[in-house]
Amino acid sequence: MSEPFKIKSDPELWEKLGMDVSRFSGMPPMLTTAYTNIFLSQKNRPSEMAYFDNMIENIHTGRIHEIMAVKETGKPVIGTFCVYVPEELIVAAGGICVGLCGGAQGSIADAEKILPRNICPMVKSAFGFKIGKICPYFQAVDLVYGETTCDAKKKTWELLDRYVPTHVMEIPQMKRERDKKLWVEEVKDFKAAVDKISGTETEFDDIAGAIKTINAKRAALQRLNNLRHFNPSPISGRDMLLIEQIAFYDEPVRFTEKVHALCNELDKRIKDGVAVAPASTPRILVSGTPMALPNWKLHNIIESSGAIVVNEESCIGTRYYKDLIDEGSTSVDQQLERLTERYMKIDCSCFTPNDERIDQVIKEYEESGAQGIIDYCLQFCHTYNIEAVKLREACEQRGIPFMAIESDYSPDDVGQLQTRVEAFIEQIQG
Ligand code: SF4
Ligand code: SF4
């Protein structure tokens, strides 16, 4: 018989990382309970999900050991908060890119000792993890690389720099030719900052290899997303979201292999007619702000209300993997330019105008066979909140059922959200 699921602890490792060990020790049991209730209670999960369950069991231990082993060889370990920071250049230097966005309520109170309360919970959660010394990833990184996407983040980086070296990448707010020129320069600065840690300059072959590696990771996620669009769905939205979250901290080559192994199983499930829910289950596309680990709140509400999530139009979702980098460059300058071009396709609401995102959401709605859109906005995220106006209009014009939700990480609004989601599902069912 296999051991029951349990998120592992390693106080000795955490002590070495300078964490608040006594406080953090409560985290693995809490997360074990949440994970068991939300994920392991699902019926008929694909067996290849075992790898991803194992990644969660080792989230505070095994993966941290792997990261520390790379760091000890002098390779860069860099924390990021946004899909605009190009992980290819970290991988090219033999390093590790870790997504540090916070998705937990437990660190918000720490952050609110310093930051204003009325800002985005993702920013507060991440900042609180660092100042409370309750995230092994934050403790392991050499530096963090922030960006100027939204006001909450760019001003928080000034304060975060007091606790961990924080570099900031200027991301323009528009996508004109002159913005591209600035962007390429920012990418070059990022490469220089990464190379400085390892003490060697990454060259053409290193970058070409890294572009291939990360393209392969994104392509595997595209394959998985296409398969999950099948009706009846061979995998739940919760499991898909989990994999999209793990993509931000797992070793990319291994992760890609495991995603393909899961895809092979889903291929077979589709042929054999094996699904996680009947074909009549209402299908929802979730769009909007990212859901960082362990933010599973909305997916859990939707799927425990009798619907299934069939697509995440989100940075922890398709915005992360829908575009690949052209691999045909012949010089480092060209590689960096093509890399920038790929990153400029990401349609975050921080940009103006950003009508391509509205078109993209509609395209994903059609491709996924969804029957309604729930637009998810983290509280105080003004750009996504305002962009929801245009998205609602586009849905109304096409007769697509649409609902906008604004929420944070606290459990306080779960009952109210559940009621709204259930009413929306009834609307879809007619
Ligand atoms: S929503 Fe925008 S700012 Fe946030 S991670 Fe995505 S691209 Fe970056
Ligand atoms: S969700 Fe919005 S407010 Fe929060 S970090 Fe992302 S862009 Fe900024």
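Colleague: What should I know before I start?

Modeller: The model is predicted: local features need pLDDT of at least 70, side-chain atom pairs count only at pLDDT 80 or more, and totals for chains, interfaces and linings use all residues. Residues are numbered from 1 along each chain as its sequence is written, while chains are lettered from A and ligands numbered from 1 in the order in which they are written.

Colleague: In what order do the four strands of the open sheet stand?

Modeller: Start with the terms. Strands (E, at least two residues) and helices (H or I, at least four) are DSSP runs, numbered from the N terminus. Two strands pair if DSSP finds at least two bridges between them. Here the four strands form an open sheet in the order 2-1-3-4, with parallel pairing. Strand 2 (96-99) and strand 4 are the edge strands, each pairing on one side only. From one strand to the next, the twist averages 30 degrees. That angle is taken between axes, which are lines fitted to C-alpha atoms (for helices over the stretch in contact), and runs from 0 to 180 degrees between N-to-C directions.

Colleague: Which strands does strand 3 pair with?

Modeller: Strand 1 (residues 77-80) pairs with strand 3 in the parallel sense over three bridges. In this pairing, Tyr145 of strand 3 has Thr80 opposite. Strand 4 (residues 166-169) runs parallel to strand 3 and is joined to strand 3 by four bridges. There, Glu147 has Met169 of strand 4 as its bridge partner.

Colleague: How many residues of strand 3 are buried?

Modeller: Count C-beta atoms, placed from the backbone. A residue is buried if 20 or more others lie within 10 Å of its own, exposed if 12 or fewer, and partly exposed in between. In strand 3 (residues 143-147), four of the five residues are buried.

Colleague: What unit do strand 3, helix 10 and strand 4 make?

Modeller: A right-handed β-α-β unit. Right-handed means this: with the strands pointing away from the viewer, the path from the first strand over the helix to the second runs clockwise.

Colleague: Which residues does a cis peptide bond join?

Modeller: One such bond joins Asn231 and Pro232, with omega about 5 degrees. Pro232 is in the loop between helix 12 (204-228) and helix 13 (237-246). Another joins Thr352 and Pro353, with omega about -15 degrees. Pro353 is in the loop between helix 17 (332-344) and helix 18 (355-368).

Colleague: Which residues come nearest to ligand 2?

Modeller: A residue is near a molecule or strand if its C-beta atom, placed from the backbone, lies within 6 Å of it. Of the 13 residues around ligand 2, Cys120, Cys150, Thr289, Leu378 and Cys381 come nearest.
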